[in-house]
Amino acid sequence: MQILTYIDSNLAMQDDAPVFDWNKPERRKTFKIPHFKRNQPIVMESVEKVKIAPSKKSIDRTFEKKETSENRSKIWSDVLPAMKSILASHKIAILGFFGFYTLILVTAFALTNVILPIRSIRLQDVSDMEYVILDAALRSFALSSYQNDSVNEEGDLEYSSGKLKYALHSVTYSKYTVRSGDNITKIARKFGLSNISSIISANKITNDRSLRIGEVIRIPSTDGIIHTVKKNESLASISKQYGLTPEVLLDINDLSSSVLQIGQEVFIPGAKLDPNVIKQTLGKMFMTPIKAKWRLTSPYGERFDPFTGVKKFHTGMDMACPQGTPVYSTMDGRVIEVSFNRIFGNYIIVSHANGYQSLYAHLSATNVKKGQYVYQGNKIGLVGSTGYSTGPHLHFTVYKNGKLVNPQKLLNNK
């Protein structure tokens, strides 16, 4: 009974005192148990139960671990639906982000492996067949061109018959504000006019490209041009000049008297501007690429080579002038080549409307880049003596649909 009482008290106090250990000698000395040998099996069994009995702390830790595991499961059960909801509601934004990132990677790959390795092609040096081979190479540039709205040389739109009709009542003018993408031909078509001369004359337009968005222009109610009265002109002389009667001019202009004043504007119904004026306005008239004083040293056609004395075909005209003289674009167009060649030195090729291309060679400097759009009269380079040259001059060549033409026949002021 003493042994059992001791064991029971030890179980109750195990959190505050160490478990009784029969293997330690000092414990055996402290507690004297009668008839030990006789009751040994019972005692040892009780002791083993004490050893293996779980402590309160270990039980608490077990419950704590279980509770932590349950809390984690509860957190994930709350977080996962929230994450799914966010992904579902922002699916487009997420896909857009990954799509944009993929686009950046593809662009970087293309720049590194496709675009950047490409270099502009330069014409190769040639031997004795230099002019023939070079002309053939340059013709390859003369295949690209752009086309304006269909207008013939007299300014008639494609739907007109060429014979202008005009109203017998007095001419009136309406105001129109230029919009993005407008040009003279489009505006004329909007108002049912048959010839662009009507708008050019009424607004004194010298260059179709000079129209600006927001600019207000006047549109006549019928086809015709405006004539400004000069000294010694009369209603009779003006009507005779345009093949009309004085009565028609009186009616169209709503004039109360046949007496005209110098500088007075008189509308001439059914009249057209000179074709060269229309070409100049549309940028289709060739302009001499050098405005300064120059001298023709080699015309287009057969000539003796200045170095070898051998007779060869000269593909353009040579315009001699001081080094550094400005060179201008002969017409509106797009620069399709800026390069260097042993024959032409620094050169520029510009593509124009109606299949025309112009070449400017032996330049000391260039002021434009490939792909740039230039207007008639824009400065594109400086006269020099680079390449196959005996002195400062501009070599000027013109192609029409890939074939050489005489540039001297195209220039309007030489």
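User: Among contacts in the protein between residues at least 6 apart in sequence, what percentage join residues at least 24 apart?

Analyst: The model is a predicted one. Within it, 68% of the contacts between residues at least 6 apart in sequence link residues at least 24 apart.

User: How many helices and strands does the secondary structure comprise?

Analyst: The protein has 11 helices and 16 strands.

User: What share of the residues counts as buried, and what does the accessible surface come to?

Analyst: A residue is called buried when its relative accessible area is under 20%. By that criterion, 36% of the 414 residues are buried. The accessible surface amounts to about 25,100 Å², and carbon and sulfur atoms account for 57% of that area.

User: Which parts of the chain does the pair of Glu 265 and Arg 218 tie together?

Analyst: The side chains of Glu 265 and Arg 218 form a salt bridge at 3.1 Å, N to O. Glu 265 belongs to strand β4 (residues 265-269) and Arg 218 to strand β2 (residues 216-220), so the bridge ties together parts that are 47 residues apart in sequence. Glu 265 is partly exposed at 36% relative accessible area, and Arg 218 is partly exposed at 28%.

User: Where do Lys 370 and Glu 337 lie?

Analyst: These two side chains meet in a salt bridge of 3.7 Å, N to O. Lys 370 sits in the loop between β12 (356-366) and β13 (373-374), while Glu 337 is in strand β10 (residues 333-341), so the pair connects parts that are 33 residues apart in sequence. Lys 370 counts as exposed at 54% relative accessibility, whereas Glu 337 is buried at 4%.

User: Which residues form a nonpolar patch on the surface?

Analyst: A residue can join a patch only with over 30% relative accessible area and no salt bridge. Here the patch consists of Phe 100, Leu 103 and Ile 104, which together have about 310 Å² of accessible area. Ile 104 is found in helix α5 (residues 91-115) and is partly exposed, with a relative accessible area of 43%.

Key: Residues are numbered from 1 along each chain as its sequence is written. This is a predicted model: local features need pLDDT of at least 70, side-chain atom pairs count only at pLDDT 80 or more; totals for chains, interfaces and linings use all residues. Side-chain values use heavy atoms; hydrogens and water are left out. Patches are made of residues with over 30% relative accessible area and no salt bridge: like charges are joined within 9 Å, nonpolar side chains (Val, Leu, Ile, Met, Phe, Trp, Tyr) within 5 Å. Accessible areas come from the Shrake-Rupley method with a 1.4 Å probe; for residues, only the protein chains shown count as cover. A salt bridge is a side-chain nitrogen of Lys or Arg within 4 Å of a carboxyl oxygen of Asp or Glu. Helices (H or I, at least four residues) and strands (E, at least two) are DSSP runs, numbered from the N terminus. Buried means under 20% relative accessible area, exposed over 50%, partly exposed in between (1.4 Å probe, protein chains only). Contact means heavy atoms within 4.5 Å.
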